Amino acid sequence: MNANGWIEEEYYPWVRMNVPISYMKSDHMHPPKSICQYLPPSTVKTLLRCQGKEWNVTLTGVVQRRLVKGWKQFVVDNNLKKGSVLLFELVEATSSAVIFVVEVLG
């Protein structure tokens, strides 16, 4: 990351995640640890972009990161179910905003 928090890589960090049933019924989800190293160490407004739409969520926690306040609506709007797979691509991570582009693969 540069001084502004923008990710300077040829490709943005991404992670593929099989969504557990517990995350489909919950109002929060824990991002995979492999992507957390790129996230700011504070609570920050976060945007999930998927299929031309956007969901506002909040990234909380320092040690145990969580996406809250909007995660449940993302699950409902994208009809996530048992066997759903998500691809999270981190396109911005600053102290004031995080943006993920999300693809629903299954």
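This is a predicted model: local features need pLDDT of at least 70, side-chain atom pairs count only at pLDDT 80 or more; totals for chains, interfaces and linings use all residues.
## Overall architecture

The chain holds three helices and six strands. Read from the N terminus, the order of elements is β-α-α-β-β-β-α-β-β. The radius of gyration is 13 Å, close to the 13 Å that the globule rule gives for 106 residues, so the chain is as compact as a globular protein of that length. Along the principal axes, the C-alpha atoms fill a box of roughly 40 × 25 × 25 Å.

Of the 106 residues, 45% are buried. Take the contacts between residues at least 6 apart in sequence: 56% of them join residues at least 24 apart. The accessible surface of the chain is about 6300 Å². Carbon and sulfur atoms account for 50% of that surface.

## Annotated domain

An unreviewed UniProt entry places the feature "domain: TF-B3" at residues 14–106. In the model, this span is 17% helix and 42% strand. Its end C-alpha atoms lie 17 Å apart.

## Pairing around β6

Strand β6 covers residues 98–104 and pairs with β2, residues 44–50. The sense is parallel, with four bridges. Within this pairing, Leu47 stands opposite Ile99 of β6.

Strand β6 also pairs with β5, residues 85–93. Here the sense is antiparallel, over seven bridges. Glu89 has Val101 in β6 as its bridge partner. A hairpin of four residues links β5 to β6.

## Two loop residues with positive phi

Most residues other than glycine have a negative phi. Gln51 has a positive phi, near 50°, and is not a glycine. Gln51 sits in the loop between β2 and β3, the latter spanning 53–60. Gln51 counts as exposed because its relative accessibility is 65%, and the cut-off for exposed is over 50%.

Lys69 likewise is not a glycine and has a positive phi, about 50°. Its loop runs between β4 (66–68) and α3 (71–77). Lys69 has 67% relative accessibility, so Lys69 also counts as exposed.

Technical notes: Residues are numbered from 1 along each chain as its sequence is written. Side-chain values use heavy atoms; hydrogens and water are left out. Two strands pair if DSSP finds at least two bridges between them. Buried means under 20% relative accessible area, exposed over 50%, partly exposed in between (1.4 Å probe, protein chains only). UniProt positions are given in the numbering used here, feature names are shortened, and annotations may be inferred rather than shown by experiment. The radius of gyration is taken over C-alpha atoms; the globule rule is 2.2 Å times the number of residues to the power 0.38. Contact means heavy atoms within 4.5 Å. Accessible areas come from the Shrake-Rupley method with a 1.4 Å probe; for residues, only the protein chains shown count as cover.
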